[in-house]
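The exercises below are to be worked through with the sequence and the three-dimensional view side by side. Try each task before reading its solution.

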Amino acid sequence: MTAALASFCAIMQRYQPTQTQLMYKVFETADAAAYYTAQRMLKTIQAMPEPVLGLATGSTMEPVYAHFLQLLQRDPVDLSQLTTFNLDEYLGLSVTHAQSYHYYMQQHLFSKLALPQENIHLPGGVASDAEAACQAYSAAIQALGGLDLQLLGIGSNGHIGFNEPQTSFASRTHVVELSEQTRIDNGRFFADQSEMPTHAITLGIQDIVEAKEVVLMITGRHKADIVAQLYHSPIDEALPASALKQHPHLTIVLDREAAALLPSQAFAVSSLSSAQAV
Ligand code: GLP
């Protein structure tokens with residue numbers, strides 16, 4: 001065990017949950033899972049005077065933001081005190097690049113929200129001093145008292161944000177070299193695979209696990225393997241998402257397909273129609 005991992009385990013030890021206490025919520029469909037996650041976003045905003053949300057990108061999150069916008073239409077809330085921090089961004093892509101996460105967030109959420117521009121934060125993909133920008137990003141989250149809710153997807157290699165396997169669990173916002181697996185997985189979104197960036201900037205694992213609540217949402221049969229690996233894995237830097245396993249307020253939100261390789265005793269299937277509340 002590395003020194004960083006030992007210190008991480010020591011910090012988390014006070015919670016001492018067991019594997020079976022992991023909180024799975026499994027829904028019949030990906031859409032129902034997304035609806036549940038959108039409701040969690042809304043509940044956090046309603047519960048906190050100055051909510052701070054950690055947001056994620058990727059195809060998994062698209063229906064979450066669509067549901068969230070619909071919920072807001074039905075039940076408008078004041079967003080003037082909301083602050084958001086995105087997880088990650090490709091290094092070298094401008095904010096107007098169609099595959100940048102800045103562009104994604106504009107397209108799926110921010111252009112449709114009455115959210116003060118200065119309350120929106122994403123890591124800078126083209127910062128001149130990336131190291132200083134990384135430190136400032138983690139510091140800005142801490143200055144606001146940390147993240148109230150962190151949304152996460154997962155990479156097929158178990159990455160969270162862009163924290164690739166073997167990233168230190170003590171990491172703060174940093175620049176990463178993307179793994180070959182991630183470049184293959186995410187290259188599908190680029191017209192030409194050679195345009196896929198080699199590096200990204202990501203919130204660190206320590207920043208993520210300090211969030212007061214974490215919702216890890218995973219959908220689709222193609223993610224069933226990593227869901228099962230996560231279930232069986234010890235807390236180990238080889239599987240970045242395993243850092244979440246001792247978080248006291250983690251919910252793993254799955255659709256039935258992503259849960260296909262989990263032992264059935266691990267969860268009960270929830271049925272949440274779009275009319276029901278969390
Ligand atoms: C990227 C992001 C991750 C995200 C993952 C999954 O690698 N950096 O934050 O969780 O994609 O993406 P998808 O939902 O498209 O499978």
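Rings of Phe, Tyr and Trp (its six-membered ring) form a pair if their centres lie within 6.5 Å, and planes under 30 degrees apart count as stacked, over 60 as edge-to-face and the rest as tilted. The model is predicted, so local features need pLDDT of at least 70 and side-chain atom pairs count only at pLDDT 80 or more, while totals for chains, interfaces and linings use all residues. Residues are numbered from 1 along each chain as its sequence is written, and side-chain values use heavy atoms, with hydrogens and water left out.

**Exercise 1. Describe the chain as a whole.**

Solution. Begin with the secondary structure, where helices (H or I, at least four residues) and strands (E, at least two) are DSSP runs numbered from the N terminus. The protein chain has eight helices and 11 strands. Next comes burial, for which buried means under 20% relative accessible area, exposed over 50%, and partly exposed in between (1.4 Å probe, protein chains only). Of the 278 residues of the protein chain, 53% count as buried. Finally, take contact to mean heavy atoms within 4.5 Å. Among contacts between residues at least 6 apart in sequence, 82% join residues at least 24 apart.

**Exercise 2. Find the aromatic pairs and classify two of them.**

Solution. The ring rule gives a count of seven aromatic pairs. In one of them, the rings of Y24 and Y231 have centres 6.2 Å apart and planes at 45°, so this pair is tilted. Because Y24 lies in strand β1 (residues 23–27) and Y231 in helix α8 (residues 224–232), the pair ties together parts that are 207 residues apart in sequence. Y24 is buried, with a relative accessible area of 9%, and Y231 is buried as well, with 11%.

The second pair is Y90 with F162, whose ring centres are 5.3 Å apart and whose planes stand at 45°, so this pair is tilted. Y90 belongs to strand β4 (residues 88–90) and F162 to the loop between β6 (149–152) and β7 (174–177), so parts 72 residues apart in sequence are tied together. Both Y90 and F162 are buried. To finish, follow the ring pairs onward from these two residues: Y90, Y101, F162 and F190 are linked into a cluster.

**Exercise 3. At what angle do helices α2 and α3 pack, and which residues make the contact?**

Solution. Two packed helices are described by the angle between their axes and the distance between the axes. Axes are lines fitted to C-alpha atoms, for helices over the stretch in contact, and angles run from 0 to 180 degrees between N-to-C directions. Helix α2 (residues 30–47) and helix α3 (residues 62–74) pack at about 55°, and their axes are 8 Å apart. Angles under 35 degrees count as roughly parallel, over 145 as roughly antiparallel, 65 to 115 as roughly perpendicular and the rest as oblique. The two helices, α2 and α3, are therefore oblique to each other. On the side of α2, the contact residues include A34, A38, M41, L42 and I45, and those of α3 include V64, F68, L71 and L72.
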